[in-house]
Amino acid sequence: MSSQNALDYFVQDDDGAGDLRGKLVDSIQRCLERRDAAYQTRWDKVWSSALCQKYRRSESEDYWLWARAFFDAPIFDLQAIAALVQ
């Protein structure tokens, strides 16, 4: 599965943490999409984070797209990203 739809609706579950991984990915994306007073602050944190950079598609230097690795990321990394953007 490599389409964006597949990434949006299916997550890796070979470690038994698919449900939690899906919830974390959804939470991170929803938080980053929220257009409130902290919108730019959250994105500034993401752009400056070495952890987040590891999960960014490199095709675009001025627009953020999550790479496939983000959707398959270890729970620990997703929890750290979720905490960063809260």
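These are my notebook entries on what I looked up in this predicted model.

**Ground rules**

I number residues from 1 along each chain as its sequence is written, and because hydrogens and water are left out, my side-chain values use heavy atoms. Since the model is predicted, local features need pLDDT of at least 70 and side-chain atom pairs count only at pLDDT 80 or more, while totals for chains, interfaces and linings use all residues.

**Overall layout**

I began with the secondary structure, taking helices (H or I, at least four residues) and strands (E, at least two) as DSSP runs numbered from the N terminus. The protein has 6 helices and 0 strands, and read along the sequence its pattern is α-α-α-α-α-α.

I then looked up burial, where buried means under 20% relative accessible area, exposed over 50%, and partly exposed in between, with a 1.4 Å probe and protein chains only. Of the 86 residues, 36% count as buried. The accessible surface, from the Shrake-Rupley method with a 1.4 Å probe, comes to about 5500 Å², and 52% of that surface belongs to carbon and sulfur atoms. For contacts, meaning heavy atoms within 4.5 Å, I noted that among those between residues at least 6 apart in sequence, 50% join residues at least 24 apart.

**Helix α6**

Which residues of α6 are buried? In this helix, which covers residues 75-85, I found I75, D77, L78, I81, A82 and V85 to be buried. Seen down the axis of α6, these residues fall within an arc of 160°, taken from the directions from the helix axis to the C-beta atoms, so they line one face of the helix. An α-helix has 3.6 residues a turn, so residues three or four places apart point the same way. On the other side of α6, F76 and A83 are exposed. The buried residues of α6 pack against α2 (18-33), α3, α4 (50-53) and α5 (68-71).

**Helix α3**

In α3, residues 39-48, the buried residues are R42, W43 and V46. Their arc, seen down the axis of α3, is 95°, so they too line one face of their helix. I recorded that they pack against α2, α4 and α6.

W43 has a relative accessibility of 15%, so this residue counts as buried. Leaving aside neighbours within four places in sequence, W43 is in contact with L32 and W64. I also checked W43 against V85: the two are 42 residues apart in sequence, and their C-alpha atoms are 7.8 Å apart in space. Y39 is also placed in α3, and its C-alpha atom is separated by 9.4 Å from that of V85, 46 residues away along the chain. Not counting residues up to four places away in sequence, Y39 touches L32, E33 and R34.

**The nonpolar core**

Next I looked for nonpolar cores, each a set of buried Ala, Val, Leu, Ile, Met, Phe, Trp, Tyr and Cys residues joined through side-chain atoms within 4.5 Å. The largest core has 20 residues, and those with the most contacts inside it are I28, L32, V46, W66, F70, L78 and I81. The elements giving two or more residues to this core are α2, α3, α5 and α6. In soluble globular proteins, nonpolar side chains tend to be buried together. W66, beyond its neighbours within four places in sequence, is in contact with residues including I28, L32, V46, C52, F71 and I81.

**Aromatic rings**

Rings of Phe, Tyr and Trp (its six-membered ring) pair if their centres lie within 6.5 Å, with planes under 30 degrees apart counted as stacked, over 60 as edge-to-face and the rest as tilted. I found 5 aromatic pairs in the structure. W64 and W66 form an edge-to-face pair, 5.2 Å centre to centre with 75° between the planes. F70 and F71 form another edge-to-face pair, 5.2 Å centre to centre with 80° between the planes. Burial is 6% relative accessibility for W64, 8% for W66, 0% for F70 and 1% for F71. One aromatic cluster is formed by W43, W47, W64, W66, F70 and F71.

**Cysteines**
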